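Visitor: I am new to reading protein models, and I would like to be guided through this one step by step. Could we look at it together, please?

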Amino acid sequence: MGTSQPGSILALIGGILGILWGLLFLLWGSILGVVLSTIGLEFLVAFPFAIGLWLIATAIVVIVAGTWMKNPEKCFKGGLIALIFSVVGGGTILGLIGGILGLIAGKQPNTPVGKAGRVRG
């Protein structure tokens, strides 16, 4: 089992961007709440808040999965979780690519590599 440093970094960046998207939806929901409360449609404010909370929750899971990709025993699981929650959550392309890199690196065996790039055995 290998580790994926690039996949981990991309998943972390994707998770941070997902949190920013979630905060943007929360801000949009609060602005929308002020506007819609004047005409009696304040119940519509729940949708941006729910989406914002969902984006933040899935982004936190992607960040945790990105840290798992640094561990050789958890690299494949971290890649799979980052891939799933990037699709289900905010859908950041960086988290998606990071999850794919984690899946690929998690299946690679840890083999010692010589200076010329050949496997020593």
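This is a predicted model: local features need pLDDT of at least 70, side-chain atom pairs count only at pLDDT 80 or more; totals for chains, interfaces and linings use all residues.

Guide: Residues are numbered from 1 along each chain as its sequence is written, and side-chain values use heavy atoms, with hydrogens and water left out.

Visitor: Which pattern does the protein follow when it is read along the sequence?
Guide: Helices (H or I, at least four residues) and strands (E, at least two) are DSSP runs, numbered from the N terminus. The protein has four helices and zero strands. Read along the sequence, the pattern is therefore α-α-α-α.

Visitor: How far apart are the end C-alpha atoms of α1?
Guide: The expected span of a helix is 1.5 Å times one less than its number of residues. For the 33 residues of α1 this should give 48 Å, and the model agrees with that, because the end C-alpha atoms of α1 are separated by 48 Å.

Visitor: What does α4 reach from its first C-alpha to its last?
Guide: Helix α4 covers residues 93-107. It has 15 residues, for which 21 Å is expected at 1.5 Å a residue, and the reach in the model is close to this, at 22 Å.

Visitor: What percentage of the residues of the protein count as buried?
Guide: A residue is buried under 20% relative accessible area, exposed over 50% and partly exposed in between, using a 1.4 Å probe and protein chains only. Of the 121 residues of the protein, the share that counts as buried is 32%.

Visitor: Which residues is Ser8 in contact with, leaving aside its neighbours within four places in sequence?
Guide: Ser8 is found in helix α1, and it counts as buried because its relative accessibility is 0%. Contact means heavy atoms within 4.5 Å. With those neighbours left aside, the contacts of Ser8 are Gly66, Thr67, Met69 and Lys70.

Visitor: How far apart in space are Gly99 and Gly7, C-alpha to C-alpha?
Guide: Gly99 is in helix α4 and is buried, because its relative accessible area is 0%. Not counting residues up to four places away in sequence, Gly99 touches Met69, Gly79, Ala82 and Leu83. Gly99 and Gly7 are 92 residues apart in sequence, yet from C-alpha to C-alpha their distance is 6.3 Å.

Visitor: Which helices do the buried residues of α4 pack against?
Guide: The buried residues of α4 include Gly95, Gly98, Gly99 and Leu103. The helices that the buried residues of α4 pack against are α1 and α3.

Visitor: What is the volume of the largest cavity?
Guide: On a 1 Å grid over the protein atoms alone, a cavity is a set of points where a 1.4 Å probe fits but cannot get out, and lining residues have an atom within 4 Å of a point. Grid points are joined across faces, edges and corners, and a volume is the space filled by probe spheres set on the points. A search of the whole structure finds one cavity of 30 Å³ or more, and the volume of the largest cavity is about 60 Å³.

Visitor: Which helix gives the largest share of the lining of the largest cavity?
Guide: Twelve residues line this cavity, and among those nearest its centre are Gly14, Ala59 and Val62. The elements that give two or more residues to the lining are α1, α2 and α3. The largest share, four residues, comes from α2.

Note on methods: On a 1 Å grid over the protein atoms alone, a cavity is a set of points where a 1.4 Å probe fits but cannot get out, and a pocket is an open set with protein on both sides within 12 Å along at least five of seven lines; lining residues have an atom within 4 Å of a point.
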